[in-house]
Amino acid sequence: MPAKKSSAEATIREIEEKWEGSVKNHDSSIAQMYLADDFRGVSSKGKVMNNSGLLAELKKDTDAYSSTKNNQVDVRVFGGQFAVATGTSTEEGKDQGGQAFKRTFRWTDVWVLRQDQWRCVASQAMLVK
């Protein structure tokens, strides 16, 4: 968990970094820790997902990542209880067939502070060509 003394903006930025880093290691526990039970999101392929749907997608990922990195992350906090994070993520590696890839996604995550824990309640991602 992020340090309690950090600002809301810094905490969410830290969570976003951990989340993207977990993609490289196929570690869905980070997403599971921060996803709200009532989460709704839209994947980069246009698929609407709830909490369990997103976790299932993460678990079935077979890509081998050499690098995952967030860029241009902007966090805006409203009233100390609600935040919107936007940014890009670049992922490099090889797919299951051995084909090299480098993908960039632009994303928006919506966060709500519930019982002193930040939870992601909504997300949308798109592949940038």
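**Close-up views of a predicted model**

**View 1. The largest nonpolar core.** Among the 20 residues of the largest nonpolar core, those touching the most other members are I12, W19, L35, W111 and W118. Two or more residues of this core come from each of α1 (8-24), α2 (29-34), β1 (35-42), α3 (51-59), β3 (64-78), β4 (82-94), β5 (100-114) and β6 (117-128). A nonpolar core is here a set of buried Ala, Val, Leu, Ile, Met, Phe, Trp, Tyr and Cys residues joined through side-chain atoms within 4.5 Å. Buried means under 20% relative accessible area, exposed over 50%, and partly exposed in between (1.4 Å probe, protein chains only). Helices (H or I, at least four residues) and strands (E, at least two) are DSSP runs, numbered from the N terminus. The model is predicted: local features need pLDDT of at least 70 and side-chain atom pairs count only at pLDDT 80 or more, whereas totals for chains, interfaces and linings use all residues. Residues are numbered from 1 along each chain as its sequence is written, and side-chain values use heavy atoms, with hydrogens and water left out. In soluble globular proteins, nonpolar side chains tend to be buried together.

**View 2. The surroundings of I12.** Contact, defined as heavy atoms within 4.5 Å, joins I12 to V75, A83, A85, W111 and W118, its neighbours within four places in sequence being left aside.

**View 3. Helix α1 and its buried face.** The 17 residues of α1 should span 24 Å at 1.5 Å a residue, and the 25 Å between its end C-alpha atoms agrees with this. The expected span is 1.5 Å times one less than the number of residues in the helix. Buried in α1 are T11, I12, I15, E16, W19, E20, S22 and V23. Seen down the axis of α1, these buried residues fall within an arc of 165 degrees, so they line one face of the helix. The arc is that of the directions from the helix axis to the C-beta atoms. G21 also belongs to α1, but counts as partly exposed at 31% relative accessibility. The C-alpha atoms of G21 and S67 are 8.6 Å apart, although the two residues are 46 residues apart in sequence. After α1 comes H26, with a positive phi near 55 degrees.

**View 4. The six-stranded sheet.** Six strands form an open sheet with mixed pairing, in the order β2-β1-β6-β5-β4-β3. Its edge strands, β2 (48-50) and β3, each pair on one side only. On average, neighbouring strands are turned by 15 degrees against each other, direction ignored. Strands count as paired if DSSP finds at least two bridges between them. Helix α1 lies across β1, β3, β4, β5 and β6, and runs at about 160 degrees to β3. Axes are lines fitted to C-alpha atoms, for helices over the stretch in contact, and angles run from 0 to 180 degrees between N-to-C directions.

**View 5. The pairing of β3 with β4.** These two strands run antiparallel and are joined by 12 bridges. V77 has A83 of β4 as its bridge partner, and R76 has V84 of β4. Three residues lie between the strands of this hairpin, in which G79 takes a positive phi near 65 degrees.

**View 6. Helix α3 against the sheet.** Helix α3 lies across β1 and β2, at about 100 degrees to β2. N51, L54 and L55 are its buried residues. Seen down the axis of α3, they fall within an arc of 100 degrees, so they line one face of the helix. The buried residues of α3 pack against α1, α2, β1 and β2. N51, with 13% relative accessibility, counts as buried. Beyond its neighbours within four places in sequence, N51 is in contact with L35, A36, D37 and F39.

**View 7. F105 in strand β5.** F105 lies in β5 and counts as buried at 13% relative accessibility. Leaving aside neighbours within four places in sequence, F105 is in contact with S44, G87, T88, S89, E91, M126, L127 and V128. N71, 34 residues from F105 along the chain, has its C-alpha atom 9.9 Å from that of F105.

View 8. Most residues other than glycine have a negative phi. Q72, in strand β3, has a positive phi near 50 degrees and counts as exposed at 60% relative accessibility. D116, in the loop between β5 and β6, has a positive phi near 65 degrees and is exposed, with a relative accessible area of 62%.
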